[in-house]
Amino acid sequence: MSNLGFALEGAWKVLLAGLILGAGLPAVFALGIRSMAFGAGGDAEVDHAAPHPVGRLVAYVLFAVVVLVALLGITYIVASGFGKTISFEHVYPAIVDK
Amino acid sequence: MTETTVILALVVITALGFDFTNGFHDTANAMATSIATGALRPKVAVALSGILNLIGAFLSVEVALTVSNAVVRIQNSDGTPKEALTSDGGTALLLIVLAGLVGSIVWNLFTWLLGLPSSSSHALFGGLVGATVAGLGWAGVNWNGDGSKLDGVIGKVILPALMSPVIAGLVAAVGTWLIYRITVGVAARFTDNGFRWGQIGSASLVSLAHGTNDAQKTMGVITLALIASGEWTDTTNIPFWVKASCALAIALGTYLGGWRIIRTLGKGLVEIAPPQGMAAESSSAAVILVSSHLGFALSTTHVATGSILGSGVGKSGAQVRWRVAGRMVAAWLITLPSAAVVGALMWFIGDLIGGLGGALVIFLILLAAAGYMYWRSRRTPVDHSNVNDEWDEPAERREPAGTAV
């Protein structure tokens, strides 16, 4: 296979994973913000609706998801420094040798 | 002290100098958007990025000794230098590396002077390719690899450079569009505050990844020089002082902050709002980490620029200054050949004079060029105080009516 083939093969994988992590996570974060505003009510939203306490709870869950995935990213950087990598073979992430 | 030891010392100093320019050239990749949106004060942003680069550089335990193998043939596959280049105590190899590094630094400083975010890895590879062509001829360059994996100048440098801004731009555009769709109806005052936090987090990830990726390259080059001159023999480890000094150099460079480039990326391309900033940095962080996970290393600079452009495309009604983008792309295209030309020229000068004298002369040329560009930069200084000033596109030059003959 030529260099172009290898590069295209790598590129679409990067694009796919990039879309999930790089665009999906910010979208989850945005949902969290939206939910937070729903929870706060009043002038947090342009329609000045009444506060809905459940919104705040949902927001914290969504933020926690984002933070967890970001921590996974940091773990990956640190692990690769020690010659390890993160495997998703068993769905949940595990640190394994490269 | 022998002649070789002095040349080796020059190579180490020049390599650390390159690492330093690598740091301040790339501060913008992580922090330009956070500075532009006011998520972080400029000084705080560069300090945070510097610290994360320092940590990142120490984390890069993996040996990047074979970094030059991607583009030139001056090393064996186990990292030891080619025997033909070490027969005279290593000076042949040291001169190639020194000339290459001088080419990389000169080009990095020149693009900084113009405020253009060009890739430091391209500059490094370009300088090495130029010096190798001059020293060993065209056959010394690994253009296309051997077909078994992504390799060579085309596979490791040119193709990724063409693809990375497009990938990062797409991801950032989708992210920006989604964020704005999701937060419709939420007051801007409320969203801006939240997204500033998201932005700080994602920009920090980019800084950390940068430290692990880029400092390694200089560590590899210095260790190669040490092996060539017989000062080090272990090809599976690098001396601790090399790691510490490279980590410090890139962190100090990052802390100094390439304000000219930060200004171009943060204010010149797109007027960035916090949601866009977060989309851009998340896209950069994700693309950089995923690609290095897949062994498909991309230039941080190209990814970051693509992401920022994408965040402008994804927000309806946002203005993207395509003229500024065009200048950047032009700079990317000529980075490799330009650094190569300087690297080759330096090798010819060094070789003509020969030995220690030649190495000293090209080192002095580097100092003179760096001093001149620093002096030029003082005419229109950009620093933390004016980095966020309004971007005034220079008016298009029109011929006054009636001057045509």
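Guide: A residue counts as buried if 20 or more other C-beta atoms lie within 10 Å of its own. The model is predicted.

Visitor: How many residues of α6(B) are buried?
Guide: Helix α6 of chain B runs over residues 188–228. By the cut-off of 20 or more other C-beta atoms within 10 Å, α6(B) is mostly covered, and of its 41 residues the number buried is 33.

Visitor: What distance does α6(B) reach from its first C-alpha to its last?
Guide: At 1.5 Å a residue, the expected value for α6(B) is 60 Å. Just after this helix, Gly230(B) takes a positive phi of about 80 degrees.

Visitor: Which helix of chain A gives the most to the side that touches chain B?
Guide: The contact joins 40 residues of chain A to 49 residues of chain B. On the side of chain A, α1 (3–40) and α2 (53–81) each supply at least two residues. By class, that side has 27 nonpolar, eight polar and five charged residues. With 25 residues, the helix that gives the most is α1(A).

Visitor: Is Met278(B) buried or exposed?
Guide: Met278(B) is found in helix α9 of chain B, residues 274–293. Leaving aside residues up to four places away in sequence, Met278(B) touches Pro26(A), Phe195(B), Gly198(B), Gln199(B) and Ser202(B). Because 35 other C-beta atoms lie within 10 Å, Met278(B) is buried.

Visitor: How are α1(B) and α10(B) placed relative to each other?
Guide: Helix α1 (residues 3–36) and helix α10 (residues 300–314) of chain B have axes 8 Å apart and pack at an angle of about 30 degrees. Their crossing is left-handed. Angles under 35 degrees count as roughly parallel, and α1(B) and α10(B) are therefore roughly parallel.

Visitor: Which residues of α10(B) are met by α1(B)?
Guide: By class, this contact has two nonpolar, four polar and one charged residues. From α1(B) come Asp26(B), Asn29(B) and Thr33(B). In α10(B) they meet Thr300(B), Thr301(B), Ala304(B) and Ile308(B).

Visitor: What is the hand of the crossing of α1(B) and α7(B)?
Guide: Helix α7 of chain B covers residues 240–256, and its axis is 7 Å from that of α1(B), at an angle of about 35 degrees. Among the residues that meet are Leu16(B) and Phe20(B) in α1(B), and Ala249(B) and Leu252(B) in α7(B). By class, the contact has nine nonpolar, seven polar and one charged residues. The crossing is right-handed.

Visitor: How are α3(B) and α11(B) placed relative to each other?
Guide: The axes of α3(B) and α11(B) are 7 Å apart, and the helices pack at an angle of about 135 degrees. The crossing of α3(B) and α11(B) is right-handed. Their contact includes Trp107(B) of α3(B) and Trp347(B) of α11(B). The two helices are therefore oblique to each other.

Visitor: How many residues of α8(B) are buried?
Guide: Helix α8 of chain B runs over residues 259–268. What covers its buried residues includes α1, α3, α10 and α11 of chain B. The buried residues include Trp259(B), Arg260(B), Arg263(B) and Lys267(B). The helix is largely enclosed by the rest of the structure, so the number buried, of ten residues, is ten.

Visitor: Which helices of chain B are included in what covers the buried residues of α12(B)?
Guide: Helix α12 of chain B, residues 355–377, reaches 34 Å from its first C-alpha to its last, close to the 33 Å expected at 1.5 Å a residue. Buried in α12(B) are Gly358(B), Ala359(B), Ile362(B), Phe363(B) and Leu366(B). What covers them includes α1, α3 (91–113) and α11 (322–353).

Visitor: What distance separates the C-alpha atoms of Asp389(B) and Ala36(B)?
Guide: Asp389(B) has its place in the segment after α12 of chain B. This residue is exposed, because 10 other C-beta atoms lie within 10 Å. Asp389(B) and Ala36(B) are 353 residues apart along the chain, and their C-alpha atoms are separated by 9.4 Å.

How values were computed: Residues numbered from 1 in each chain as written. Chains lettered and ligands numbered in written order. Predicted model: local features only at pLDDT ≥ 70, side-chain atom pairs only at ≥ 80, totals over all residues. Axes fitted to C-alpha atoms, helices over the stretch in contact; angles between N-to-C directions. Helix = DSSP H or I, 4+ residues; strand = E, 2+ residues; numbered from the N terminus. Parallel < 35°, antiparallel > 145°, perpendicular 65-115°, else oblique. Left-handed = near helix turned anticlockwise from the far one by under 90°. Contact = placed C-beta atoms within 7 Å. Nonpolar A, V, L, I, M, F, W, Y, C, P; charged D, E, K, R; others polar. Expected span 1.5 Å × (residues − 1). Buried ≥ 20, exposed ≤ 12 C-beta atoms within 10 Å, placed from the backbone.
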